[in-house]
Amino acid sequence: MIWNEKAECMSKDEREELQLKNLQNVVKRAYETVPYYQKRFDKEGIKPEDIKTMDDIHRLPFTTKNDLRDAYPFGMFAVPRREIVELHTSSGTTGKPTVSGYTKKDIEIWSEVMARGLTMFGATEDDIIQNTHGYGLFTGGFGVHYGAQKLGAMVIPISTGQTRRQIEIMKDFGATILIVTPSYGLYLAEVAKEEGLDNDEMKLKAVGFGAEMWTEEMRQEIQRRFNAPAYNIYGLTEIIGPGVALECPEQDGLHVMEDHFYPEIIDPQSTKVLSEGEKGELVLTSLTRHGMPIIRFRTKDITSLQSGTCPCGRTMIKMDRITGRTDDMLKIRGVAVFPSQIEKALLKIDGLEPHYQIIVTRPQHLDELEVQVETSPELFSDEVKELVNIKKKIENRVHDEIGLRVNVTLVEPKTLPRSEGKAVRVIDKREL
Amino acid sequence: MKIKQLSIFLENKKGRMRKALEVLAHAGINIRALSIADISDFGILRLIVPRPEEAQALLLDNNFVVKMGHVIAVEMNDQPGGLSAVLRTLDDASINLDYLYAFVDEKEEKAIVLLHPEDIEAGIEALEKGRANIIAPEDVYNW
């Protein structure tokens, strides 16, 4: 099923024409109504009229999280304050939060793109969607909610937490689609098992995942535990929230809703625009956003793009799942390490629980990487030499993946923190 | 003739062993014999208890990783050379031991060794042949 065949299956030429028209509009409005853009464009010597082709977007300056912070709270609004009907903010863990303002029309766009995505997962108006994303300033809960409403499905706005209740409701209400973060999904599956809810008793036909990085191995694990296909959801508060890109049944990349959000990939160091298929930082422009146009926002998310007609019929460009962040990259003894690489290595080992924690220290001016994993009955042996072998085997797998020696520590089951939101996988104790 | 033994994974962290033992204490399960293998950051606690199945279930409920295995209990003379006589029997049959631990039963004035050979069946066979005094499980659990 395709929610909006006209928009989702448009020909390349037709879409480019639409994108250019929308880009010209948004640049003009941004320049005329937001002092920040006017200042930046003037500095670069660019006028809205200079945008004649889609390639001219490369001439526009980037917008960063810091720029949005500087505009806190309402400095990025392009409409009078009274036209903004809803506000969301980022978590603000790394400084002042960034604010996102929506007009009625923006909420309409948000509902539309999420309805398209939920339809990709197989959702229809007959479905019951259990939405465990938090409702509040975080965009996750409401984004899914609006999409579900637009679709006409029944949404259970349970939010995150109350895990035992989640299980009870899943069972009693017969939820058919579950929306979770990957780490909360795994926790939920674990509790479901404890509560005696077998996965064949669950009626789930799809699981939607967002808000966190995940590996293909983690997807497999989640699919196995919930006995349903799992699909990736991508989005960020600055652009709109979840709904920027979602995965179709092909499970081979996320379709970017490119009639609304224009993606580019750049080299994060040189900021040079990279060609299709090359891995780099994702940059997004909201082409249709009314209340708060965002031009060339640097997401710090690492991915690549692939165009062409998908076997699902959609022509919207696909982005790979996020394989890292330009800023969660760990430099260990000079080597770049992504936590996702370590996760990948761990999940290849039978019997290993998908809960882990990476601890970075620098005891004698040399970085040490400790990976804590939980022991499970499958891993545990009464023999010391067996246990030492298992530890070595895990260390070797991680070494193969990242090219660095790590120290694996086996810890007791259920002692690593389970998150009810974004998982804290890395504890960096170095003073860098 | 095999004795059930529980092996429990313990993280090298304050209070973990006590927690495991308290779980058993609350259930009124007495410990007949105990040994600890310690590796740098974790250890294995091995226990002989009456009602081993019940003890295992309780520990599992309390989030411990527990495995049930088997050892052989042999009674020795509580005097110099008692243990080496038992080991000689195994040596002569070329049976390798993973580990053993021993204790003395004061009431009965007996010394008992718990043996974990690589091959437990071969171990029993060799000991029987060597006329070692293998103790039956019921007797071990009821000391």
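Chain A holds an open sheet of four strands in the order 20-19-18-21, with mixed pairing; two strands count as paired if DSSP finds at least two bridges between them. Strands here are DSSP runs of E with at least two residues, helices are runs of H or I with at least four, and both are numbered from the N terminus. The edges are strand 20 (407-411) and strand 21 (426-428) of chain A, each of which pairs on one side only. From one strand to the next, the twist averages 20 degrees.

Before I continue, a note on conventions. This is a predicted model, in which local features need pLDDT of at least 70 and side-chain atom pairs count only at pLDDT 80 or more, while totals for chains, interfaces and linings use all residues. Residues are numbered from 1 along each chain as its sequence is written, and chains are lettered from A and ligands numbered from 1 in the order in which they are written.

Within the sheet, strand 18 (residues 356-361) and strand 19 (residues 368-374) of chain A are antiparallel partners over six bridges. Ile358(A) faces Val371(A) of strand 19 of chain A. Helix 10 (residues 339-347) of chain A packs on the sheet, touching strands 18, 19 and 21 of chain A, and its direction makes about 130 degrees with that of strand 18. Such angles run from 0 to 180 degrees between N-to-C directions, with axes fitted to C-alpha atoms, for helices over the stretch in contact. Contact requires C-beta atoms, placed from the backbone, within 7 Å. Helix 11 (residues 384-402) of chain A lies across strands 19 and 20 of chain A, at about 135 degrees to strand 20.

I turn to the core. The largest nonpolar core has 148 residues, and among the members touching the most others are Val207(A), Val371(A) and Ile8(B). Such a core is a set of buried Ala, Val, Leu, Ile, Met, Phe, Trp, Tyr and Cys residues joined through C-beta atoms within 7 Å; buried denotes 20 or more other C-beta atoms within 10 Å of a residue's own, exposed 12 or fewer, and partly exposed anything in between. The contacts of Val207(A) include Leu178(A), Ile222(A) and Phe226(A).

By contrast, Asp55(A) is exposed, because it has 10 other C-beta atoms within 10 Å. Asp55(A) sits in the loop between helix 3 (35-44) and helix 4 (65-70) of chain A.

Finally, the interface: 14 residues of chain B contact 15 residues of chain A. Strand 1 of chain B contributes the most to chain B's side, with three residues.

Key
Contact = placed C-beta atoms within 7 Å. Lists of a residue's contacts leave out its neighbours within four places in sequence.
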